[in-house]
Each structure stands twice: as structure tokens, then as C-alpha cells.
Amino acid sequence: MRTKAIVKRVYQYLPYQYRLVRSLRNHKAYVPPKQVQVEITNLCNLKCTMCDRWKWVGENRSTADVLSTQRLLDLFNELASLGVEGILLTGGETLMQPDFVTLIRHLDDLERKITIFTNGTLMDRAKAEALAAANAIVFFSIDGVSETNDKIRGVSGTFDKAIEGIRNLVNARKEGRFKNWIIINFTVQRNNVHDVVPIFNVANKIGVDTVTYNLVHGKPDVSPDEDSLKTLKENFQSLEKLAASSKTRIFLGDVLRAFIEENIPLDNVKTGLPTLSLFRDSPVPCIAAYTASFIDSFGRVFPCCYCYLDNFSYSQFEKERSRFCMGNILEKSFSEIWYGEKYNKFRATTDPVNAEDLYLFCGQCYDYFAFRKSYTSFPFFKKL
């Protein structure tokens, strides 16, 4: 028994990458996830055209079953003890969680890296001050300037409220001399390609650190077409020149860049599965199954938000969603689920990812390039 204890202690201090490589080779988790995404509420105050989340409550998804604040605090304690470095908070709209400030302060006390996604419309001074003090990375989802954003978000006045929310966070950061990162996340779709440069100008003016541009997924009716591709090329050429002399940075998601450079088929983009051909033509294993996880507001654990179908109809896709559920933290600890048999089976069946069969929804995944880079960079692991 003493020998086993010593071996276990030594193993805990082995470099993370070495144990991750061993995990990949054996299709078993020997390391905790680097980051866990936690859905702290299923409620949302907007009605976005590219998302069905706001319809979920109307589809008989009970709002009473959202994880309690105490259960979330207990979960954060477990994740910290397990060695999870980062916690990503999502919803619904994260700021609708009634004890949001309490959650942020607790994560700060645990010294976890905090990331949140929000539409920004509910970012008041108290929330902004808590996030700034915790040095959180805050993504504001804004998809256009003024009326463009409001039409996409489905509620008038949304843009102005979001900008006010960003200013609250910028001011809180200045007053406290904190160093949290403020980001606008712009989802490129057919109806907002003309706002690629204007949203950057707004961000630069109000003190946003970065504007990230990503391609919409899973929504054929709003996916870019031939005309919008032409507009995108012109706008991003102007944007890169503009950003070179500005304080605000830009970041283009790999899939969006591949789309602009015409390295992924336009037909795949139109069907809402932009990375389908990448996984098919040059397959890679799912690295996310070893480095990340997703927990919904019911406590159900999924390998990622794509398997969770996070912005699709709740009732229509519940059968598919259940298939990818690895367990529930109301029944088992997260650790038991993460290291459990069902999760390991998922890891084995996604090496490589079969995006055209059981895991079709992987064809929406933005992480293909990260998977490939990670997989081929390990010195002790075979290259594809």
C-alpha cells in the first residue's frame, strides 16, 4: 500500500503533457480537463436568430431544475481540487443567474482562471466590479452596430445596452487598476458582413482589448453565401490595415480564416457544417475529450457544447443530446464521470472523429485546427 501511495504521489507531479500523451494513446483520462464549461442558467433575455436557446423554456424545459447556487459552489470546489485550471461560465445569459457575483467571488477565492460569455445587456456596476477584481476574461457577444445587432439579437435597444455594459466593465477596470481582458465576440453571418469594420471602430473607441471574429455554425439560413464571401474579403483586408495602428487587437477564428481563403467548401458552410470536409479528408482525434468538458444547468456532463447541441431546439434534439451525456453531477461526482467507462468509450470512438456518422455534429466544431496542431506536436506520439 505504501508503494502504491508513493507511485501515485510521484505520478501527480509528472508533466501534464506526458500524461496527456498517455491519455491519447490509451483512450483514457489520466489528467483532469484544463477547462470546464459550466452552464449556470438556461434563461436568456434575447431572441437571437442564430440560436434557439431562448425558446427552450417554452419547450417545457423547467426553469426550476437549474443547478442551485450552492451546488455550483460545491462543483467549483471539486473542480479546483481536481486540478481544473479554468472555468468558463455560459448560459443562457450568464448574468441572469441571481447569485452571479457570489459565483465570481468564489471562483476568484479558488484562484481559478475565469472566462464568461455574455450579451452584456445586464452588466451593471456590481457585476462589472466583481469581474474586474477577479481578472476575468469577458466575451461580449455583439454581432453588429446598432440596428444590425438588434435585428440579429431579436430585441430593440440591445446594442446600446451592451455598449453601456462594456463601459461599466472598462470603468471598473480603470478604477481598480485591474488587468482583466475585455473582448467583443462577433459571429460572422450573412446579415452582418458589412459591420466587420464598424464594430472594430466602436471597440477601439471604448477601450475593448480584442475583437474576435468567428463563423456562425449550425444555421444554414443565416450562413454566409457567395456575395457575403466577397464582401468579407474586402472588409478584412481593410480591417487588418486598420488594426495595425490601433490599440484594440483583432483575432480571426481558424475556420473563418479558412472560409475567407476558400479552403473549406462553401456548400459545407451553407449547411451549417463548415468543418465537415476537414474531419473527413484529414481526420484527427478529439483532443477536447481529454482537455475540456461541459456541464449543463441540469448537471449533465457532455464532452463539449457541440455534442450538447447548445443552440439548437431543446425538444427536437433531445434524443441526440441524451446520447452524448456522460453522466450527471447530481448522481455522481464530476471526477467519477470524467474518469469513468462511458467517457473513455467516447474517447476511443472519436479517434479519429467520424464526423459523417455518429458524430455528425462535430462538423460544426471550430477546434479542428487546434486538434491537429496539438496532436502532431507531441514528440512521443505518432503523427497522422
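1. A ground rule before the details: a charge sits over a ring if NZ of Lys or CZ of Arg is within 6 Å of the ring centre and within 35 degrees of the ring normal. By that test, the charged end of Arg347 sits over the ring of Trp338, 4.5 Å from its centre. Arg22 does likewise with Tyr30, lying over the ring face at 4.0 Å from the centre.

2. Housekeeping. This is a predicted model, where local features need pLDDT of at least 70 and side-chain atom pairs count only at pLDDT 80 or more, while totals for chains, interfaces and linings use all residues. Numbering starts from 1 along each chain as its sequence is written, and side-chain values use heavy atoms, with hydrogens and water left out.

3. Overall build. The secondary structure comes to 18 helices and 10 strands, taken as DSSP runs numbered from the N terminus (helices are H or I, at least four residues; strands are E, at least two). The radius of gyration is 21 Å, close to the 21 Å that the globule rule gives for 384 residues, so the protein is as compact as a globular protein of that length. For the record, that radius is taken over C-alpha atoms, and the rule is 2.2 Å times the number of residues to the power 0.38. The C-alpha trace spans about 65 × 45 × 45 Å along its principal axes.

4. Of the 384 residues, 55% count as buried; buried means under 20% relative accessible area, exposed over 50% and partly exposed in between, using a 1.4 Å probe and protein chains only. As for contacts (heavy atoms within 4.5 Å), take those between residues at least 6 apart in sequence: 75% of them join residues at least 24 apart.

5. Strand E4 is worth a look. E4 covers residues 137–141, and five of its five residues are buried. In a regular strand the side chains alternate between the two faces of the sheet. Here both faces are covered, with Ile137, Phe139 and Ser141 on one side and Val138 and Phe140 on the other.

6. What does E4 pair with? Strands pair if DSSP finds at least two bridges between them. E3 (residues 113–118) runs parallel to E4 and is joined to it by four bridges, with Thr115 opposite Ile137. E4 also pairs in the parallel sense with E5 (residues 181–188), over five bridges, and there Phe140 has Ile184 as its bridge partner.

7. The crossover. E3, helix H5 (residues 125–133) and E4 make a right-handed β-α-β unit. Right-handed here means that, with the strands pointing away from the viewer, the path from the first strand over the helix to the second runs clockwise.

8. Aromatics. The structure holds 12 aromatic pairs. Phe117 and Phe139 are stacked, at 4.5 Å centre to centre and 10° between the planes. The two sit 22 residues apart, Phe117 in E3 and Phe139 in E4. Phe117 is partly exposed at 27% relative accessible area, whereas Phe139 counts as buried at 15%. Phe294 and Tyr308 form a tilted pair, 4.5 Å centre to centre with 35° between the planes. Phe294 is in strand E8 (residues 292–295) and Tyr308 in helix H14 (residues 305–308), so this pair ties together parts 14 residues apart in sequence. The cut-offs: rings of Phe, Tyr and Trp (its six-membered ring) pair if their centres lie within 6.5 Å, and planes under 30 degrees apart count as stacked, over 60 as edge-to-face and the rest as tilted. Ring pairs also link Phe186, Tyr213 and Phe236 into a cluster.

9. Gln364: buried or exposed? Gln364 is buried, with a relative accessible area of 3%, although its place is in the loop between helices H17 (341–349) and H18 (368–377). Leaving aside residues up to four places away in sequence, Gln364 touches several residues, including His217, Gly272, Tyr306 and Phe312.

10. Backbone items to check. Most residues other than glycine have a negative phi, and most peptide bonds are trans. The peptide bond from Asp351 to Pro352 is cis, with omega near 0°, and Pro352 lies in the H17–H18 loop. His27 has a positive phi near 55° and is partly exposed at 22%. Glu111, in the loop between H4 and E3, has a positive phi of about 60° and is exposed, with 68% relative accessible area.
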